[in-house]
There are 2 protein chains.
Amino acid sequence: MNNFEYCCPTHVIFGKGTIAKLNKLIDRNKKILMIYGGGSIKKNGVYEQVKKALEGYNLVEFGGIEPNPKYETCMKAVELIKQEGVDFLLAVGGGSTLDATKFISLAAKYNGDDAYDAIMIREEQVNDAIPLGDVITLPATGSEMNNGGVISRLATDEKLPFHSDLVYPKFSIIDPEVTFSLPVRQTVNGIVDTFVHVMEQYCTYDVNTPLQDGWALTILKTLIEEAPKVLANPSDYDARANIFWCATCGLNYWIALGAVQDWSTHMIGHELTAFYGIDHGQSLAIVLPRLLKNQKVSKSRKLAKLGREVFGITEPVDLKAADLAIEKIEEFFNSIGMKTKLADYEIDSKEAAEKIRDRFTKRNVAFGEKGAVNAAAAYEILSEC
Amino acid sequence: MNNFEYCCPTHVIFGKGTIAKLNKLIDRNKKILMIYGGGSIKKNGVYEQVKKALEGYNLVEFGGIEPNPKYETCMKAVELIKQEGVDFLLAVGGGSTLDATKFISLAAKYNGDDAYDAIMIREEQVNDAIPLGDVITLPATGSEMNNGGVISRLATDEKLPFHSDLVYPKFSIIDPEVTFSLPVRQTVNGIVDTFVHVMEQYCTYDVNTPLQDGWALTILKTLIEEAPKVLANPSDYDARANIFWCATCGLNYWIALGAVQDWSTHMIGHELTAFYGIDHGQSLAIVLPRLLKNQKVSKSRKLAKLGREVFGITEPVDLKAADLAIEKIEEFFNSIGMKTKLADYEIDSKEAAEKIRDRFTKRNVAFGEKGAVNAAAAYEILSEC
């Protein structure tokens, strides 16, 4: 096991009827900016629940955070914060809204010219942030219990991640009931996103972490068992709760502590979203199977173990079991209605492969557990997508 | 899944050479009381490492915390704290030292007459505590990442647990290398303690928590795989690291969130230790198999699942599989050198059963997931031990 450090100060409040606890979590004397997305919270009752819980608070609103949240939109919220003297941010929505809120909390305290350049590209340390909490409404990103986010910039077609311990939510309210009304597409995107988060942290070279590995595989097994239940009955509380807790635990670092991580599927997927606007979950479902095939030799041991423990594969040769495991993963994605080929989204694989190869070459980057996923590998992978 | 809340602010620093980081974790201007046990830290080099890391700090020492730490000893430390104006506590040792330090941190801020009575019996809320951190040297109690402790009182032969969010360690340093020199008996006690912690949180009635259940079983599997390795080679770093992280995760609540808990094995075990002075791990190994037999009907579903997933039992009938699982658990304890009968410790089972029945009757208490382990059940269980 590798050395590690871990500290997540987030207060998690999980379960039915928990939005009503908001007024026990935020000081009365705070001026709150409530940040949300395209308005789904006004249709599913979450907006009303939040407003009711915060009756009597000094509250300003900022709606309109997009999926794949944009830097340009975030900076409008920063302006409003400065005008209004806001000192607490409340994200109400999915991972995009929360990621945006995290970026806004840093950008509002950044005094330089270009917050995107500072936080995302130069990875400059911003030393202060406005405290934030969230009511998370979509099981997917795990942002509710981690210190990261992903922000896109329209002007440059970029989509990049950032991390800062200052953006751990003070609290995260997770009420699985609010997911009963999710569109199927978002439910499926969230399940795939969680699945791939786990793969990025599990499917690497082995540093002897049986506990973390077993936990990762347990999340995959739970997703595979619970996904058909929520698709068959969207109001199945326990299945919704199990999937939400899988999503949170898929990226709260518990399965990654002391282990090796990869994240190359995400880095290629982000580019697909930046260039073609496809959903994050879709981009991951397209890239993962081909990336695993491409990197099969170094990942064969973990892939074979996954195949045997999650899918019951009995093939004794690791490389062959790895192949079967990759097939099974793609079958699972397809079985819940997730398409896994670029052509399914009317994207030309050759063009995508060239664009992304060129961008990685220009940036001179290589991703993955051992930096093996460079521009040339990304080209190979995407050509097969 | 049940509703839950969770917040553990402890900063965990895990791995080789991490004791040297102490001076990045405690403010220079703090006056520290370093609390330790019987002196093993002076033999295994931990004392030296701590003193070196804290060179230049204002440091007072308090040694002599016992296994099953005593209230009477804790109150001597409280006196010293008041004399010296200490404002940070550093526990260096195993779970007993850390539990004592947690109690001391509360008792030093308690202004009434009898801190044991207030904190343990009346469960009075103490609203302040001296901040504390630890260098934990024994994988067993999980105290390094939770808000509880267990303290005994000599005057009354009592051993009781307490909980307060004020006693979460600010940091916990876990260096598995310091466990290379542990006596076999302590290694084995720690493995059994961890195993039984997991059982107390897993082996209850089912509220549909597949993720948490799978994680619990992963800890058990990891313990069973790694235990023989550390017994064969006490300096096997990875095996020591895996066992330590199992111990921490066995009681940091991650497997219990949203699930049902029991703790009746511990409550009976505490009485055996209070009356007869046997090790905590020993008391649990004696009680668990007989308690599971006694409560088999309500626990059969989880026991059968454990039997199948951890021990590969193929028996299809749950009640029969549960019997086999209980046998396998006792075999595992015996296989690592842990004796599991009261007679092995020269304790008369009839006498123990009567004493503990009488105490539970006098206190009018009942333990377990549904309060089923009352005085009469404890008598039945102990008579079979």
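This is a predicted model: local features need pLDDT of at least 70, side-chain atom pairs count only at pLDDT 80 or more; totals for chains, interfaces and linings use all residues.
1. The core. The largest nonpolar core comprises 254 residues, and those with the most contacts inside it are A:Ile35, A:Ile104 and A:Ile219, together with B:Ile35, B:Ile104 and B:Ile219. Once neighbours within four places in sequence are set aside, A:Ile35 is in contact with A:Ile104 and with A:Phe62, A:Ile65, A:Ala77, A:Leu89, A:Leu90, A:Ala91, A:Thr97, A:Ala100 and A:Thr101.

2. The helix pair in chain B. Helix H6 (residues 184-202) and helix H7 (residues 210-232) of chain B pack with their axes 9 Å apart and at an angle of about 165 degrees; because angles over 145 degrees count as roughly antiparallel, H6(B) is described as roughly antiparallel to H7(B). The crossing of H6(B) past H7(B) is left-handed. On H6(B) the contact involves residues including B:Ile191, B:Phe195 and B:Val198, while H7(B) contributes, among them, B:Ile219, B:Leu220 and B:Leu223. Sorted by class, this contact of H6(B) with H7(B) has 12 nonpolar, 3 polar and 1 charged residues.

3. The interface between the chains. In chain B, 33 residues are in contact with 33 residues of chain A. On the side of chain B that touches chain A, at least two residues are supplied by each of strand S1 (4-6), strand S2 (11-14), H7 and helix H8 (237-250) of chain B, and H7(B) gives the largest share, 9 residues. By class, that side of chain B has 17 nonpolar, 11 polar and 5 charged residues.

4. A link between the points. H7(B) packs against H6(B) and also supplies residues to the side of chain B that touches chain A.

Notes. Residues are numbered from 1 along each chain as its sequence is written. Chains are lettered from A and ligands numbered from 1 in the order in which they are written. A nonpolar core is a set of buried Ala, Val, Leu, Ile, Met, Phe, Trp, Tyr and Cys residues joined through C-beta atoms within 7 Å. A residue is buried if 20 or more other C-beta atoms lie within 10 Å of its own, exposed if 12 or fewer, and partly exposed in between; C-beta atoms are placed from the backbone. Two residues are in contact if their C-beta atoms, placed from the backbone, lie within 7 Å. Axes are lines fitted to C-alpha atoms, for helices over the stretch in contact, and angles run from 0 to 180 degrees between N-to-C directions. Helices (H or I, at least four residues) and strands (E, at least two) are DSSP runs, numbered from the N terminus. Angles under 35 degrees count as roughly parallel, over 145 as roughly antiparallel, 65 to 115 as roughly perpendicular and the rest as oblique. A crossing is left-handed if the near helix is turned anticlockwise from the far one by less than a right angle, and right-handed if clockwise. Ala, Val, Leu, Ile, Met, Phe, Trp, Tyr, Cys and Pro count as nonpolar, Asp, Glu, Lys and Arg as charged, and the others, Gly among them, as polar.
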